[in-house]
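Welcome! Please take a moment with the sequence and the model below before reading on.

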Amino acid sequence: MKNLLFTLTLMLISTYTFARNQAFSKVYKSGLPEINITRDVNLHFRSPEPVQFVDLSTNRLIGDLPAENVVRIKIQQSEEEKHFVNDSLKKTVEIPIAYSNNQELGIITIVGQSFMAQYKLIFKEDNSYDIITNIEISPQDMQPLEYPEYQMSNAELRKYSMQLIEKKENKILRKNTDLGMRSQLNNVYTFGDYVFLDVSFKNKTNLAYDIDKLKFSIDDKKIYKATNVQSIEVEPVFRLYDVKKFKKSYRNIFVFKKFTYPNNKVLNIRLIENQISGRTINLEIKYSDILQADTF
């Protein structure tokens, strides 16, 4: 009897919690933040994450993505109207669109990697109003998105990468020296399904290094002439800095989704210089280095 009462209590709590979450998850049009917009003034939304999707609820608004984290919106000021001449010839005429002050133009929905934000746009006829030209999407306007599996946003990846880059290079797991260059793996960290590689390159020469490519691939440990060489290129999902040139040292954090490779292969990091006779230096990382990674 006690077990039955306990089970019923849990069911009631779960039902209440679900209903409560459903109620709070609803967003009504009347509760959306309002933003004024007028003719001849573009409105820019600045997102803390790369924008994945933008929806405009009306053809009175047009927009584009000038950068991965910027949405640009403006008012459609005219529309095409087609007329028939002599029952065969079509003539297209641009007709100005009339707007009234305080007219609701529509809803803009901006979807990032981990959030969705919605705003109601209001037309203002007089430019003397406080017209916003750019606005940063604030946390209070973000509705969190849930994914089947946890996925970190670029903002989160940057935050953890900054924590790692602030640590000193006291612990060196792997290193290689060639042509006055030195590559080293400072440490490996994991967080959930992500692998963070802390990598440094040192230039012992007086000649600055112009980076052409930085390649990551899973290669065979030993290459024999009689065997087929297998190389699988992998790409980081995030890198803290995008450096094209360095004089003495270059350190960066590279983030990968979780991956595995057998003991007879290595993760090869290859830095290639941007010259015909450029210097190239490799750094081989064993799978055991990944398995023994530190955690946040």
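## Before you start

This is a predicted model, in which local features need pLDDT of at least 70 and side-chain atom pairs count only at pLDDT 80 or more, while totals for chains, interfaces and linings use all residues. Residues are numbered from 1 along each chain as its sequence is written, and side-chain values use heavy atoms, with hydrogens and water left out.

Helices (H or I, at least four residues) and strands (E, at least two) are DSSP runs, numbered from the N terminus. Buried means under 20% relative accessible area, exposed means over 50%, and partly exposed lies in between (1.4 Å probe, protein chains only).

## Two nonpolar cores

A nonpolar core is a set of buried Ala, Val, Leu, Ile, Met, Phe, Trp, Tyr and Cys residues joined through side-chain atoms within 4.5 Å. The largest one here has 28 residues, and L197, F201 and I269 have the most contacts inside it. Two or more residues each come from β13 (181–191), β14, β15, β19 (249–257), β20 (265–273), β21 (280–285) and α3 (287–291). The most come from β15, which gives five residues.

To see I269 in its setting, look for its contacts (heavy atoms within 4.5 Å). Leaving out residues up to four places away in sequence, I269 touches L197, V199, F201, L214, K215, F216, I281, N282, L283 and I285. There is also a second, separate core of 21 residues, with V51, L121, F123 and I137 among them.

## Salt bridges

How many salt bridges does the structure hold? There are 15, counting a side-chain nitrogen of Lys or Arg within 4 Å of a carboxyl oxygen of Asp or Glu. One of them joins the side chains of E34 and K120 (3.6 Å, N to O). Because E34 lies in strand β1 (residues 34–37) and K120 in strand β9 (residues 115–123), this pair ties together parts that are 86 residues apart in sequence. E34 is exposed, with a relative accessible area of 53%, whereas K120 is buried at 7% relative accessibility.

Another salt bridge brings D289 and R174 together (2.8 Å, N to O). It links distant parts of the chain, with D289 in helix α3 and R174 in strand β12 (residues 174–178), 115 residues apart. D289 counts as buried at 8% relative accessibility, and R174 is partly exposed at 25% relative accessible area.

E273 and R279 also meet through their side chains (2.9 Å, N to O), and both residues are buried. Elsewhere, salt bridges that share partners join E169, D198, K202 and R251 into one network.

## A hairpin

Strands β4 (residues 61–67) and β5 (residues 70–75) pair in the antiparallel sense over five bridges; two strands pair if DSSP finds at least two bridges between them. A hairpin of two residues joins β4 to β5, and L61 stands opposite I75 in β5.

## Two loop residues

E49 sits in the loop between β2 (43–46) and β3 (53–56). Although buried, E49 has no salt bridge, and the nearest side chain of opposite charge, K159, is 11 Å away. Lys and Arg count as positive here and Asp and Glu as negative, with His and the chain ends not counted. Beyond its neighbours within four places in sequence, E49 is in contact with E68, N69, G112, Q113, S114, F115, S153 and A155.

L207 belongs to the loop between β14 (194–203) and β15 (209–220). At 48% relative accessibility, L207 is partly exposed. L207 and G180 are 27 residues apart in sequence and 9.8 Å apart in space, C-alpha to C-alpha.
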